[in-house]
Amino acid sequence: ARVLHSVPARELVGHLLQHPGQHLGEAAKAIGAPRSRYWRVLPTLQTAGLLRIATRGRKHLLYATTLAETAFRTTPKRRADMVKAKRTRR
């Protein structure tokens, strides 16, 4: 759940819970941010067991796991917003 304190990680997992099986570029475009913002958090989310990557030909499709769903519900959104606010004050 601590991984979801990161704003990009929380945005990506939240989007994938609603729209599973998307390519990273599709998900980033739907969220409205550059793909590189989420590219950096993929290994962390996968290691934590919150994200599963399925390969279909040349495409890598992203799926949030059931652990991600539980962690997303239990991690308060306010905490992620506080981290985001702290970063923008600099």
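This is a predicted model: local features need pLDDT of at least 70, side-chain atom pairs count only at pLDDT 80 or more; totals for chains, interfaces and linings use all residues.
Nine of its 12 residues are buried, so helix 1 is largely enclosed by the rest of the structure. Colour the buried set, which includes Val7, Leu12, Val13 and Leu16. Now check the length of helix 1, residues 7-18. At 1.5 Å a residue it should span 16 Å, and its end C-alpha atoms are 17 Å apart, which agrees.

Stay on helix 1 and select Arg10, another of the buried residues. Its charged end sits over the ring of Phe72, 4.3 Å from the ring centre.

Next, pick Glu11. It forms a salt bridge with Arg37, with the closest N and O atoms 3.2 Å apart. Glu11 lies in helix 1 and Arg37 in helix 3, so the pair ties together parts 26 residues apart in sequence. Glu11 is partly exposed at 26% relative accessible area, and Arg37 is partly exposed at 29%.

Move to strands 2 and 3, residues 51-56 and 59-64. They pair in the antiparallel sense over six bridges. Thr55 has His60 as its bridge partner. Then find Arg52, which lies over the face of Tyr63 at 4.6 Å from the ring centre.

From strand 3, select Lys59. It forms a salt bridge with Glu26, closest N and O atoms 3.8 Å apart. Glu26 lies in helix 2, so this pair ties together parts 33 residues apart in sequence.

Finish at helix 5. Arg73 and Glu69 meet there in a salt bridge at 3.8 Å, N to O. They are four residues apart, about one helical turn. Arg73 is exposed at 62%; Glu69 is partly exposed at 37%.

Terms used: Residues are numbered from 1 along each chain as its sequence is written. Side-chain values use heavy atoms; hydrogens and water are left out. Helices (H or I, at least four residues) and strands (E, at least two) are DSSP runs, numbered from the N terminus. The expected span of a helix is 1.5 Å times one less than its number of residues. Buried means under 20% relative accessible area, exposed over 50%, partly exposed in between (1.4 Å probe, protein chains only). Two strands pair if DSSP finds at least two bridges between them. A charge sits over a ring if NZ of Lys or CZ of Arg is within 6 Å of the ring centre and within 35 degrees of the ring normal. A salt bridge is a side-chain nitrogen of Lys or Arg within 4 Å of a carboxyl oxygen of Asp or Glu.
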